[in-house]
Amino acid sequence: MDDDWDMPHDHLAFSIKLFQGHFFNHLIGFGHLGRTHKVDPEDKSRWTYSTDNKKDVSIVLPSGSVFHRKYLDMYTHALPQVARDKVDELTNCDDILLNMMVANATGSCPVVVEGLHAKALDMGGLWTDPAHFGERSECLTFFARHVFGGRMPLRYTASFFKSGGTRPGLKDLRCHV
């Protein structure tokens, strides 16, 4: 859990139960921390990063996310150095790279939990920098071209699961390109 979010315990507990159930190979994150990737309308060979997450989510931010530790090992040892060098150069995009890596490994989308009562704490951060969103779009394009063989591995999900409801299974996860 990042230090700039206040997340109710029951939402975190629900996401851990999802992980322990059917979604141990997925990234599990929260709807209010969901983001999307889109084809750049002015240059179809580039990708843009968007916070428009009302309908579909393809990226979950790591605040409160749950995922298998094997992905930490994969991030450190299996990704090409050029990927981590880009993250270091920008001091940004590690979360985008993690999402793309997991999507590439699973061929699936993230699992999204509705975090209805979570709130951001005003502590500043990278996202307050005016260049932040441009850098994140640059990362999407760079990683697709130089790490994932010229293709975009991210998949969208339109499935949003609510804490306190019945625990969904794989059949309930709807992914699309």
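Strand β3 (residues 34-39) and strand β4 (residues 47-50) run antiparallel and are joined by 4 bridges. Two strands count as paired if DSSP finds at least two bridges between them. Along this pairing, K38 has T48 in β4 as its bridge partner. Strand β3 also pairs with strand β5 (residues 59-60), again in the antiparallel sense, over 2 bridges. There, R35 stands opposite I59.

A quick word on what you're looking at: this is a predicted model, where local features need pLDDT of at least 70 and side-chain atom pairs count only at pLDDT 80 or more, while totals for chains, interfaces and linings use all residues. Residues are numbered from 1 along each chain as its sequence is written, and side-chain values use heavy atoms, with hydrogens and water left out.

Now for the parallel pairing. Three strands make an open sheet in the order β2-β6-β9, with parallel pairing. At the edges stand β2 (28-30) and β9 (160-162); each has a single partner strand, so one side of each is left without a neighbour in the sheet. From one strand to the next, the twist averages 40°. Angles run from 0 to 180 degrees between N-to-C directions, and axes are lines fitted to C-alpha atoms, for helices over the stretch in contact. Strand β6 (residues 111-114) pairs with β9 over 3 bridges in the parallel sense, and E114 stands opposite K162 in β9. Helix α1 (residues 9-20) packs on the sheet and touches β2, β6 and β9, its direction making about 155° with that of β2. Contact, for touches like these, means heavy atoms within 4.5 Å.

On to the charged pairs. A search of the whole structure turns up 5 salt bridges, each one a side-chain nitrogen of Lys or Arg within 4 Å of a carboxyl oxygen of Asp or Glu. One of them joins K86 and E138, whose closest N and O atoms are 2.6 Å apart. K86 sits in helix α3 (residues 81-90) and E138 in helix α5 (residues 132-146), so this pair links distant parts of the chain, 52 residues apart. K86 is buried at a relative accessible area of 8%, whereas E138, at 29%, is partly exposed. The cut-offs are under 20% relative accessible area for buried, over 50% for exposed and in between for partly exposed, with a 1.4 Å probe and protein chains only. K86 and E138 also belong to a salt-bridge network that includes E89. Another salt bridge joins R136 and D95, with 2.6 Å between the closest N and O atoms. R136 lies in helix α5 and D95 in helix α4 (residues 94-106), so the pair ties together parts that are 41 residues apart in sequence. Both ends are tucked away: R136 is buried at 3%, and D95 is buried at 9%.

What about K171 and D172? They form a salt bridge too, the closest N and O atoms being 3.3 Å apart. Here K171 is exposed, with a relative accessible area of 63%, and D172 is partly exposed at 27%.

Finally, back to helix α5, where F142 has its place. F142 is buried, with a relative accessible area of 18%. Leaving out residues up to four places away in sequence, F142 touches V82, K86 and V147. F142 and K86 are 56 residues apart in sequence, but their C-alpha atoms are 8.4 Å apart in space.
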